[in-house]
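Morning, everyone. Please bring the sequence and the model up on your screens, and I'll walk you through a few places in it.

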Amino acid sequence: MIKRVGILANGGDVSGFNAVIRAIVKTAENHDIECYGIVDGYNGLLKKDFERLTTDIHGEALGILPTGGSIIGSSTNSNLFNYKVVNEDGSVEYKDMSDQAIQNIKEFGFDCIFTLGGDGTQKSARDFSTKGVNIIGVPKTIDNDVACTEITFGFNTAVSVAMEAIDRLHTTGATHHRIMVLEVMGRYAGWIALEAAIAGGADVALIPEIPYDIESAARKIKNRINRGKKFAIVVVAEGAKPKGGEMTIENTRDNGSGVDNTKLGGIGPIVAKQLQDLTGLEARNTTLGYVQRGGTPTAYDRILSTEYGVKAMQLALEGKFGTLAVVKNGKMDSVSLEEVVGNNKEIGAVSGNTAESNIRKIKMDDDIVITARNIGINLGD
Ligand code: F6P
């Protein structure tokens, strides 16, 4: 019998966090289960920072379906298996704090912890599960790259924001006869870039999965110019890289220690300059940034997030711990967290978004690649 559960939101925020939280709380209330928010991701487990969540008249989980962000915060650098500790003398150490967190879970009486997050969050979830904690994961990220599920919550909203940006770039680009480059997020996967390119009618989409030849993209634009179209829309994923080249890194937090601290960014202006030089058309870059993560979720994300929250609570009621709620063949389902982490088995050794992590990238026979190619979107190859 479950009596008390904790919910934590971890990693970069997405639109839909609150919708998942609300759905878990509502489903739990139907079964007389108490819900607590664990504040600021895994940090809250360590600091015992728990907040009661209800949908009562003044409850924290009331009225949050359309809101962006996370009412219980989130953290992008709190891997408790490799946790940054600043000593009194200012020196920094990375320590395994997982046992302290497990003691806090036991003392507070949590029967299950829901981990809303991407691949790094679910890696830690699996590690806690291996150490005996009842965990159920829910796949979140605008990047859509969590293994074993067909879609993560937050992705649809990010694509919609990028599509709207493309629509707006279209009119200004056409007016001034310019190449308009849009750099979008997505880390090591091109889901946002390619779906936004299709939805927005872009001419070129450069994604991490296909190292690009800039000459190929330039040829596509020159063909358009020859047909009288003196502007072009180019979508570039932040993780895109040239053939034989590397990804563009904006900065590295904490000298790369702890979790994956690599911040991608900066490829857009490079591509814009190269295309301007190669085609003779003036080019401008827009880097979309954090607007892809903020604000109200789309209808699709509100529904998906609600379905995920309900499924997660159902899994808890069935005692199916150590699992991730997923979408499989278009239906709500679950898989073991072991399957989600793939070969990244060592407890705490590495977090998410690293070479060892099991992320879902675009495959060349995916429908979106076939679709993009057939309607003439140049993929830089
Ligand atoms: O994983 C989500 C994401 O928004 C990526 O698309 C982006 O590369 C990264 O997070 C940015 O991370 P931060 O919030 O640490 O700047």
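Let's start with A193. This residue sits in helix α6, which spans residues 191-200. Keep in mind that we are looking at a predicted model. Is A193 buried or exposed? The cut-off for buried is under 20% relative accessible area. A193 has 1% relative accessibility, so it counts as buried. Now step along to D203. A193 and D203 are ten residues apart in sequence. In space, their C-alpha atoms are 12 Å apart.

Next, strand β10, residues 232-237. How many of its six residues are buried? Six of the six are, so the strand is largely enclosed by the rest of the structure. Look at which way the residues point. In a regular strand, side chains alternate between the two faces of the sheet. In β10, A232, V234 and V236 point one way. I233, V235 and A237 point the other way. Both sets are buried.

Which strands pair with β10? One is β8, residues 178-184, which runs parallel to β10 and is joined to it by six bridges. There, V181 has V234 as its bridge partner. Another is β9, residues 204-206, also parallel, with three bridges to β10.

Now over to strand β2, residues 34-38. Strand β1, residues 4-9, runs parallel to β2, with five bridges between them. G6 in that pairing is partnered by Y36 of β2. From β1 the chain goes through helix α1, residues 17-29, and on to β2, a right-handed β-α-β crossover. β2 also pairs with β3, residues 50-53, but in the antiparallel sense, over four bridges. There, the partner of G37 is E51 in β3.

Last stop, the ligand. Which residues surround it? They are I142, D143, M185, G186, R187, E238, K263, Y290 and R293. By class, that shell has three nonpolar, one polar and five charged residues. A side-chain N or O atom of D143 is 2.6 Å from a ligand oxygen. For R293, a polar side-chain atom lies 2.9 Å from one. G186 uses a backbone N or O atom, at 3.1 Å. Taken alone, the ligand exposes 400 Å², and the protein buries 85% of that.

Methods:
Residues are numbered from 1 along each chain as its sequence is written. This is a predicted model: local features need pLDDT of at least 70, side-chain atom pairs count only at pLDDT 80 or more; totals for chains, interfaces and linings use all residues. Side-chain values use heavy atoms; hydrogens and water are left out. Two strands pair if DSSP finds at least two bridges between them. Helices (H or I, at least four residues) and strands (E, at least two) are DSSP runs, numbered from the N terminus. A crossover is right-handed if, with the strands pointing away from the viewer, the path from the first strand over the helix to the second runs clockwise. A residue is near a molecule or strand if one of its heavy atoms lies within 4 Å of it. A polar contact is a pair of N or O atoms within 3.5 Å; within protein, one must be able to donate a hydrogen and the other to accept it, and residues adjacent in sequence count only if both atoms are side-chain atoms. Accessible areas come from the Shrake-Rupley method with a 1.4 Å probe; for residues, only the protein chains shown count as cover. Ala, Val, Leu, Ile, Met, Phe, Trp, Tyr, Cys and Pro count as nonpolar, Asp, Glu, Lys and Arg as charged, and the others, Gly among them, as polar. Buried means under 20% relative accessible area, exposed over 50%, partly exposed in between (1.4 Å probe, protein chains only).
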